[in-house]
Amino acid sequence: MTIPPVAFNDLEVSYGENVVLHGITASVTPGSCVAITGSNGSGKSTLVKAILGIAPVSAGSIRLYGEEKREKIPWRRIGYVPQRMSVGGGVSSTVREVVLTGLLGPRQWWLPRGVEKRLDEVLDHVGLSHRKSDAFSILSGGQQQRALIARALIRHPDLLMLDEPLTGLDTHNRKALAEIVGKHKEQGHTSMIVLHELGELAPLVDRELRISAGHIVHDGPCTHAVHELHSHHEEPTMTSFELGMDVL
Ligand SMILES: Nc1ncnc2c1ncn2[C@@H]1O[C@H](COP(=O)(O)OP(=O)(O)OP(=O)(O)O)[C@@H](O)[C@H]1O
């Protein structure tokens, strides 16, 4: 039997008294592209953060590649791009340096051999070869987003998790992103993508997990409801990079 990249079992996530996710049970099929949809504040980002171990699980469990214990989870198989929230502010490193940090981790403090070739491949893949030596902070928002995707892709992840990747992108960048996700899927890899609207990614999405007030209210083929999701906005409190986690 193939082991699902992600399996939630009656998952509950709480911030203090505030229960944000209730009884989430779902298992992700390897190679599939799953859209996580829902209105602002419904718990989408929290679900992704729970997978990464940076949202407090108060009940139930999450298994990544069959492993529940953090120290056993194969973090290198997972790539994550956070929601864009002035992510470039204060990052004085070059695009090259930012992308290469995707190869570092808790037990990997130095860069493996042959990184320049991998770097060039992945920058070419996201169309940023010409910006390699530029400061990350001077890139446009869409270019920063693509650099962060390159940072996630440089570790050749099986599971790519993107939090609202289309937000603020123009048509060119949205199409570029869809191509990147499409290629990842063609290679047999899995994606979990938080989306307000499916947009250019619609043809790639196999399954929609729609969340409302912390509950899964739809788990199946895509509906059109995602285009209408704009209710009240509650800003989560988070740092730009949430450094210190295994994937970042
Ligand atoms: N670090 C935190 N501390 C306390 N509450 C939090 C924290 N992060 C998120 N929340 C709360 O959890 C709820 C769900 O937030 P989450 O960011 O998961 O929503 P979302 O569906 O991703 O929303 P959006 O579409 O606006 O990004 C919100 O009420 C939010 O205020």
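Two strands count as paired if DSSP finds at least two bridges between them. With that in hand, the predicted model shows an open sheet of three strands, ordered 2-1-4, with antiparallel pairing. Strand 2 (18-27) and strand 4 (57-64) sit at the edges, each pairing on one side only. From one strand to the next, the twist averages 15°. Strands of a sheet pair through backbone hydrogen bonds, and they can do this either parallel or antiparallel. Here, strand 1 (residues 6-15) and strand 4 run antiparallel and are joined by six bridges. Val 6, for instance, has Leu 64 in strand 4 as its bridge partner. Helix 1 (residues 44-52) packs on this sheet, where it touches strand 1, strand 2 and strand 4. The direction of helix 1 makes about 70° with that of strand 2.

Stepping back to the whole chain, the secondary structure comes to five helices and nine strands. Read from the N terminus, the elements go β-β-β-α-β-β-α-α-α-β-α-β-β-β. Of the 248 residues in the chain, 39% are buried.

Next comes helix 4 (residues 141-153), with 13 residues. From first C-alpha to last, helix 4 reaches 18 Å, close to the 18 Å expected at 1.5 Å a residue. Helix 4 is largely enclosed by the rest of the structure, because 10 of its 13 residues are buried. The buried residues of helix 4 are Gln 144, Gln 145, Arg 146, Ala 147, Leu 148, Ile 149, Ala 150, Arg 151, Ala 152 and Leu 153. Among the elements that cover them are two strands, strand 5 (78-81) and strand 6 (159-163). The cover also includes helix 2 (95-100), helix 3 (115-125) and helix 5 (171-186).

Finally, a couple of loop residues have backbone angles worth a look. Most residues other than glycine have a negative phi. Tyr 65, in the loop between strand 4 and strand 5, has a positive phi near 50°. Tyr 65 has 18 C-beta neighbours inside 10 Å, so it counts as partly exposed; being buried would take 20 or more. Ala 213 has a positive phi too, at about 45°, although it is not a glycine. This alanine, Ala 213, lies in the loop between strand 8 (207-212) and strand 9 (215-220). With 14 other C-beta atoms within 10 Å, Ala 213 is partly exposed.

Note on methods: Residues are numbered from 1 along each chain as its sequence is written. This is a predicted model: local features need pLDDT of at least 70, side-chain atom pairs count only at pLDDT 80 or more; totals for chains, interfaces and linings use all residues. Helices (H or I, at least four residues) and strands (E, at least two) are DSSP runs, numbered from the N terminus. The expected span of a helix is 1.5 Å times one less than its number of residues. A residue is buried if 20 or more other C-beta atoms lie within 10 Å of its own, exposed if 12 or fewer, and partly exposed in between; C-beta atoms are placed from the backbone. Two residues are in contact if their C-beta atoms, placed from the backbone, lie within 7 Å. Axes are lines fitted to C-alpha atoms, for helices over the stretch in contact, and angles run from 0 to 180 degrees between N-to-C directions.
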